[in-house]
Amino acid sequence: MLDVEKLRQDFPMLVNQPDLIYFDNGATTLKPKCVIDAVTDFYTSHTSNVHRGDYAIAATNDRLYDGTRKIFAKLINCEPNEIAFLHNVTACLNQAAYGLGKMLKEGDTVLLTKAEHASNLLPWFELAKEKNLKIEYIETDRQANISVESFRRAMHEGVKVVSIAHVTNVLGSIQPVKEITEIAHSYGAYVVIDGAQSVPHMKVDVKDIGCDLYGFSAHKMCGPGGVGILYGKHELLEKMEPLYRGGDMNARFSSDQTVLLKNAPVRFEAGTPDIEGVIAAGKAAEYLMEIGLDEIHEYEKELRAYLLEGMQKLDNIEILNPDNEYGPVAFNAKGVFAQDAAGYLASKNIAVRSGNHCAKILHEIIGTDQSIRASLYFYNTKEEADRFVQAASEISLENAVGIFF
Amino acid sequence: MANSLLNDPEILRELIMDHYQYPHNHQLTEDKSYASVHMASDSCIDDITVQSLIRDGKIQDIRFDGVACTISTASTSMMTDLLKGKSVEEANGIIDNYFSMIDAGEYDPDVLEEAVAMKNVYKQANRIKCATIGWKAMRQMIDESEKES
C-alpha cells in the first residue's frame, strides 16, 4: 500500500498549493523535491557541458549524464546503449519516422490508429506525403481499444511500420502491444510505441514487448521538462539515420564532406543536451522505482475506479470511457462546452484538460470532438476525488457562465 | 434594453446564455458576394466562420456558424447584432471600444450595448481569445473592404 500522504510531502507544489486539485497529470506531472534538487544542484554546484571537458566537474557530469542511461535501462529493461536522450516524446516519434522513413519505399504502408496523439500522426503524415506511402488505421472499439483480432485483420504484407500508443492519451486504452509486436514482426514490420502515458504509470518491459522503438517523456513521470527517452534495439539504432546533425554526435569529418558518426545512442544527441534535465530525469525514474511501478499502477486503478463510480452517479455527466480500467476519466457535462466546464472546475481550483487533447481524429471513433480529461497520478487522493465529483455535479451552463460575474 | 439593466450581473449572465443557446445571425450563406473569414488557426477548439456583406461603406449583413464555447459563440452573436447596419466608421469605433474592454482598458458601455456582458472576461486570460475570435474576423473583413475601396 502506498503511503500517499507521506508521498505528497515530497512535492513542493502540493505543499504550496494545498487547495489545488491537480488532475491534469496526462499533460504533465508535479515534481518531487529530489528532482528539483538535482536540477538546482547542477546550476549551483556542478555546471559544465558533457563529453567535451577535461576537468573534474565535466567528468562528474559525463558520469551523471551517461549514468542516467543505466537508470532508464533498469526502468524499462534494456541495455544502457539502447537509451537515447532527446527533447520529448514528440522528438522521439519524429526521430522514429525520420529514421525508419529512410528505410521505406514508395507504396509501403504505415499502420496507426485514429486515437493517436498528434505527435504520433503528423510525422507519419509528412513522411507519407514525401515518400508516397500509404497510411492505414487499425480498427478500434468505441473506447479506442485495439483487439488482437482487429490488428490481425489490419496487418498485411505491405505494412512496414506499426506505430501506436501503449496507453492512449484521452481514453487510457491499454493496447496489447506484445501481441501486436509479435504479429507485426511475423510480417517483417517495425513496431514503434508511444509510451508517454504508460511508462509513468506501470511497469514497462521493452524486451518482453519486443518492440523496435519506444519513446516517452520525463516530464510526465515526475521529471523535468525537455527530456524525451528513446529506446531502440541497438542493432536498429546503429543503422538508423539521426534527425539532427551537429556537435558531439559525429566522430570525425573532413572538408571533402565525409562524415563518420559516433555509435548509437550518442549519434541521436546532436548539440548540447539538456544535461541537468537528463540527470534529474534519472532521479525521477529512481524515485518511481523506489515507490514501485506495480504499486503505483494498482493504486491508480483503484483511485480511478473510485472516481469513476462517483462520476457515474451524476445525471449531468457523460463518461466516454467507462469500460476502460485505467488512465484518465474522459467525460462531458451535458449541454456544456468542454472548455466552459473546465472553466467552472478551474474556479473551484481544479486543474483538468479540456478540448481535443491533441488527438484531433479521435472524434471519428468516439463521435465527439471535445471532452474533459481528469488524469490521475499516485499523489492524488480519494478526498480529492470526492471534491472533484462534488464540483462536477455542479457543472451547468448557468454556473459555467457564472464564473465571469 | 435600458442601460441600467446592463449593470446587473444576473442579466448579463442570462444574455450570454441566451446568445449561446440561441445565437443570432447563425446561418451561413452561399452568396458569393459575401466576404468570409474562417477562424480556426489560433485556437485548439473554437472553429468559426464569419461572413459579411459590406457595401457603400455600410455593413449590410453579418452571419456566422461553427463550433465554439459559450464565450466565443455569445460574443460573436452579440457582435453580429451590434454591427449589422452600422457604417464602417461606426463599426470600427465599436470594435475599438470592445477590444479595449476585453483588454481591461477604458470603454464606452453605451456603444457596446449587450456586449458589455463580456466585461469580465479579461479576468480569465485564457478566454480572451474566445471573446475576440468573431470580432477579429469582422475587423479583418472591414480592413479588407477598406483596402478594396
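This is a predicted model: local features need pLDDT of at least 70, side-chain atom pairs count only at pLDDT 80 or more; totals for chains, interfaces and linings use all residues.
**View 1. The open three-stranded sheet of chain B.** The strands are arranged in the order β1-β2-β3, and their pairing is antiparallel. Strands β1 (35-39) and β3 (58-67) of chain B form the edges, each pairing on one side only. On average, neighbouring strands of this sheet are turned by 15° against each other, direction ignored.

**View 2. Pairing of β2 and β3 in chain B.** Strand β2 of chain B, residues 47-55, pairs with β3(B) in the antiparallel sense, and nine bridges connect the two. Within this pairing, B:Gly66 of β3(B) is the residue that stands opposite B:Ile48.

**View 3. Helix α5 of chain B packed on the sheet.** Helix α5 of chain B, residues 128-148, touches β1, β2 and β3 of chain B. The direction of α5 makes about 35° with that of β2(B).

**View 4. The crossing of helices α1 and α2 in chain B.** Helix α1 (residues 9-21) and helix α2 (residues 70-83) of chain B have axes that come within 8 Å and cross at roughly 90°. An angle of 65 to 115 degrees counts as roughly perpendicular, and α1(B) and α2(B) are therefore roughly perpendicular to each other.

**View 5. Residues at the contact of α1(B) with α2(B).** Helix α1(B) contributes B:Ile16, B:His19 and B:Tyr20. From α2(B), the contact is made by B:Thr70, B:Thr73, B:Ala74, B:Ser77 and B:Met78. Classed by residue type, the contact of α1(B) with α2(B) comprises four nonpolar and four polar residues, with no charged residues.

Key:
Residues are numbered from 1 along each chain as its sequence is written. Chains are lettered from A and ligands numbered from 1 in the order in which they are written. Two strands pair if DSSP finds at least two bridges between them. Helices (H or I, at least four residues) and strands (E, at least two) are DSSP runs, numbered from the N terminus. Axes are lines fitted to C-alpha atoms, for helices over the stretch in contact, and angles run from 0 to 180 degrees between N-to-C directions. Two residues are in contact if their C-beta atoms, placed from the backbone, lie within 7 Å. Angles under 35 degrees count as roughly parallel, over 145 as roughly antiparallel, 65 to 115 as roughly perpendicular and the rest as oblique. Ala, Val, Leu, Ile, Met, Phe, Trp, Tyr, Cys and Pro count as nonpolar, Asp, Glu, Lys and Arg as charged, and the others, Gly among them, as polar.
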